[in-house]
Amino acid sequence: MKARKTSKDAAEAIIRKLNGAGFEVLLAGGCVRDLLLGLQPKDYDIATNATPQQVCVLYPRAQVVGAHFGVVIVREFGHFVEVATFRTEGVYTDGRHPDSVEFATAEEDAMRRDFTINGMFFDVLKNCVIDHVGGQEDLRGRIIQAIGHPERRFDEDHLRMLRAVRFAARLGFEIEQETFEAIYNRADKIRRVSAERIREELEKILTDRNRADGFDMLRSTGLLPHLWQQSQWSTELAEKSKRALAALPEKAGFSLAFATMLYHLAAKSAHGACRHLTCSNKVRTEVQWLINSLGALTGDGVKTLADLKLLMAGPCFEDLCSLLRASLIAENQPLEQYERLCHDSAAIAPDDVAPTPLINGDDLIRMNVEQGPVFKRVLDEVYYRQLNLELTNREDALAWAGRLAEASSP
Ligand code: ATP
Ligand code: MG
């Protein structure tokens, strides 16, 4: 059986074809950094002196995503590879997009990139690194350093400040001093970046295994209080968040990690943060549920078997267990409560978590219970007792509902 072609094979095939047509073609950016670090690149980006039109002559079905930016997506062996024409970028009047781009040389293309470790090329055919920006030295020194003048580079695109934190945390690198100071001195400008772009970076920082370091750098760079409105942090709260984030399982997803960062806030404030950052409905619901349920667990909201089953039937119970553990560690509390929760929940068979209700609304209608608050209360209470194993058959449930409806009617 032939091995499936990888995205690296795809990039190499494209490089050979463009090179065969006489163009200069190099691997560029993040994949070169990752290859040199011995890490698996997420994707392989290609940079070339061929214009988008020239790439399209060789790949007529390529998708031109921004002729203006010189980026074409080529499909090869089922993989999508980004092929970008070497370019310089004009002024950024809005702090987000260059006003214009111009096709340029490889060296000029390196200079428009954000950090030295992200500014290298790799010539696959000659098997050598092309480094116009001192990226190899900074990789060896484990340093995140802006290419060119740090202040100017962060003023061009404020998001680069968050990117610096992300790469430093993920790779375990230091942010070089001038680069760090440039961020520190204009951290509030991150407010001008769209909420979507901030959220995407924050998500990458918090879903990485080094999330606690990432959080710490958000704080030390001064970016943290500007990530959303009312992002207010005392030293004590920030320390708690950091300890809690450090206690999460490596693979924690965004909802769990964000809820952990905010665990000591009221659910309302956490909801506000999600809203400002335009998180998806799923993330909003999960974060709010996690924080509310943590409150119930650590308060005295979970006393019975039914309380536990209702939590287990929630959107992400396993994450709730991780959040409880992380918060106990952050608060220097013993883990007994977490261990009990694991133990008690493991003892409940999956089918018993959310069984079909013994009675439903139709039964109440047949019993002439009027639609309204009493109706819902009766159904909820009967189900609660069913979960608590106090009502175990339909007959008892109907009798109990009848008595409760009568006692509750005005
Ligand atoms: P990852 O592995 O997380 O994808 P990456 O380095 O590939 O990291 P991307 O956001 O995919 O990061 O960008 C690819 C490359 O494009 C970067 O390595 C960098 O050279 C350049 N780049 C991306 N965003 C910017 C930016 N905002 N300013 C300057 N250069 C950028
Ligand atoms: Mg990338």
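Student: What gives the most to the lining of the second largest pocket?

Tutor: In this predicted model, that's α7, with 4 residues. Both α7 and α9 supply at least two residues there.

Student: What makes a residue part of that lining?

Tutor: A lining residue has an atom within 4 Å of a point of the pocket. The second largest pocket, with about 330 Å³ of space, is lined by 16 residues, and the closest to its centre include Lys-42, Arg-170 and Asp-208. So each of those has an atom within that 4 Å cut-off.

Student: How do you know which of the lining residues count as charged?

Tutor: Asp, Glu, Lys and Arg count as charged. The second largest pocket has 9 charged lining residues, along with 5 nonpolar and 2 polar. Lys-204 is one of the residues closest to the centre, and Lys is on the charged list, so Lys-204 counts as charged.

Student: How about the largest pocket: what is its space, and which residues are closest to its centre?

Tutor: About 1,300 Å³ of space lies in the largest pocket. Its lining has 38 residues, and Asp-45, Glu-82, Arg-87, Arg-112 and Arg-163 are the closest to the centre. Asp, Glu and Arg are on the charged list, so those five count as charged. The whole lining has 21 charged, 12 nonpolar and 5 polar residues.

Student: Which helix gives the most there, and which domains take part?

Tutor: α7 gives the most, with 6 residues. Domain 1 (1–141) and domain 2 (142–227) each give at least three.

Notes: Residues numbered from 1 in each chain as written. Chains lettered and ligands numbered in written order. Predicted model: local features only at pLDDT ≥ 70, side-chain atom pairs only at ≥ 80, totals over all residues. Heavy atoms only, no water. 1 Å grid on protein atoms, 1.4 Å probe; cavity = no way out; pocket = protein on both sides within 12 Å on 5 of 7 lines; lining within 4 Å. Points joined across faces, edges and corners; volume = space filled by probe spheres on them. Domains from an automatic or database assignment.
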